[in-house]
Amino acid sequence: SQVSEVEQILTSGGGWQDQVGAIYGGFKLGHCPPRLPVAVEVKAITTYSAAFADAFHRRVCLVYTGQQRLAKNTLLNALRKSALSPALALLSTAHCSNTIKNSKKNKNKSYKNSNDDGNKRASTRCLGTIAALIEGAKHAWDIVSELHSTDVDDSLDELADVLNRYWELKVEMAEGSEPPHIAAILQELRPLCSGLALCGAGAGGFATLVLHRDRTIEDVRRLIDAVRGRGSTGEYIVNQGLSVHTATIDSVGVQTSFVNSEFDLIIDSIW
């Protein structure tokens with residue numbers, strides 16, 4: 001809660017998802033009931049087969065797009081669509097009803113009705129996107145929960161499908177999350193991937209890749225080296241900071257060390 005408070009003071013926005021991702025080890029599902037004060041409920045899976053861990057480390061990697069991004073602007077766009085759009089639809093409905101009652105001009109009625117319908121459609125699309133994102137998170141949790149009874153590569157392919165759908169919904173939800181120069185980089189990577197999405201708010205930063213079964217991180221490195229060598233993707237200049245990184249499962253979560261300077265002791269504790 002203190003981290004979230006600092007983020008609000010800095011006007012950078014943010015939420016609780018990053019804290020959940022860092023504090024808890026393994027695969028986790030966070031849920032926040034619609035009430036105040038905010039209370040986050042978390043379920044975590046910290047044990048899984050060595051076969052799945054090996055497949056994950058073989059097929060999942062990260063690519064830094066070379067583009068730093070501030071999540072604040074992307075988050076604001078998402079909030080405008082998810083919170084403001086439904087509210088505008090309600091206000092428009094009330095205003096439309098009052099206008100029709102007091103108006104004697106048919107063309108005015110028609111205009112107000114048309115405007116109202118447009119807001120309703122936008123609101124419906126937005127709420128549908130949010131519902132689909134929630135269902136996607138639940139489906140990913142179900143996949144991970146059943147790892148002991150399924151082929152590990154099949155499970156990763158299912159998670160890749162969820163990741164692709166998540167990114168489609170993210171782009172729909174938050175304008176600016178996939179600017180053209182970033183989209184060009186993702187397009188270069190897609191032939192190697194079963195699943196692909198930018199982390200967090202998007203618009204830059206890191207991309208998560210779930211590679212095809214017959215691909216390796218070395219294939220990604222060769223591709224990125226070739227892109228950097230060309231210096232561009234299509235009409236867009238490539239940032240030379242573009243880089244490839246391994247990804248591993250953190251089964252423990254955040255660890256803190258308290259140092260007692262008087263006795264020079266280090267006490268490790270796990271959150």
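Predicted model: local features only at pLDDT ≥ 70, side-chain atom pairs only at ≥ 80, totals over all residues.
Six aromatic pairs are found in a search of the whole structure. In one of them, the ring centres of Phe27 and Tyr48 stand 5.7 Å apart with their planes at 75°, so the pair is edge-to-face. Phe27 belongs to strand 1 (residues 27-31) and Tyr48 to the loop between strand 2 (41-45) and helix 3 (50-59), so this contact ties together parts that are 21 residues apart in sequence. Phe27 counts as buried because its relative accessibility is 17%. Phe27 also forms an edge-to-face pair with Phe56, at 6.2 Å centre to centre and 80° between the planes. Here too distant parts of the chain are linked, since Phe27 lies in strand 1 and Phe56 in helix 3, 29 residues apart. Through ring pairs, Phe27, Tyr48, Phe52 and Phe56 are joined into a cluster.

## The loop between strand 1 and strand 2

The loop between strand 1 and strand 2 contains Pro37. The peptide bond leading from Leu36 to Pro37 is cis, with omega near 0°.

Val40 is placed in the loop between strand 1 and strand 2 as well. With a relative accessibility of 34%, Val40 counts as partly exposed. Together, Leu36, Val38 and Val40 make a nonpolar surface patch of about 310 Å².

## Salt bridges

Side chains of opposite charge can pair when their charged atoms come close. Across the whole structure, a search finds twelve salt bridges. One of them joins the side chains of Arg213 and Asp157 at 2.6 Å, N to O. This pair links distant parts of the chain: Arg213 is in the loop between strand 5 and helix 8 (217-230), while Asp157 is in helix 6 (residues 152-173), 56 residues apart. Arg213 is partly exposed, its relative accessible area being 41%.

Helix 8 holds two further examples. Arg222 and Asp219 meet in a salt bridge of 2.5 Å, N to O; both residues lie in helix 8, three residues apart, about one turn of the helix. Arg222 is exposed, with a relative accessible area of 53%, whereas Asp219 counts as buried at 16% relative accessibility. The side chains of Asp225 and Arg228 form a salt bridge of 2.6 Å, N to O, and these residues are likewise three apart in helix 8, about one turn of the helix. Asp225 is partly exposed at 44% relative accessible area, and Arg228 also counts as partly exposed, at 24%. Elsewhere, salt bridges that share partners join Arg58, Arg59, Asp153, Asp154, Asp157 and Arg213 into one network.

## A negative surface patch

On the surface, Asp142, Glu146, Glu158 and Asp161 gather in a patch of negative charge. Asp142 lies in helix 5 (residues 106-145). Its relative accessibility of 40% means that Asp142 counts as partly exposed.

## Backbone at Ala203

Ala203 has a positive phi of about 70°, although it is not a glycine. This residue is found in the loop between strand 4 (193-198) and strand 5 (206-211). Ala203 counts as buried because its relative accessibility is 13%.

How values were computed. Residues numbered from 1 in each chain as written. Heavy atoms only, no water. Patch = residues over 30% accessible without salt bridge, like charges linked within 9 Å, V, L, I, M, F, W, Y side chains within 5 Å. Areas by Shrake-Rupley, 256 points an atom, 1.4 Å probe, with all protein chains shown as cover. Salt bridge = Lys/Arg side-chain N within 4 Å of Asp/Glu carboxyl O. Lys, Arg positive; Asp, Glu negative; His and termini not counted. Charge placed at Lys NZ, Arg CZ, Asp CG, Glu CD. Helix = DSSP H or I, 4+ residues; strand = E, 2+ residues; numbered from the N terminus. Buried < 20%, exposed > 50% of the residue type's maximum accessible area, 1.4 Å probe, protein only. Phe/Tyr/Trp six-rings, centres within 6.5 Å; stacked < 30°, edge-to-face > 60°.
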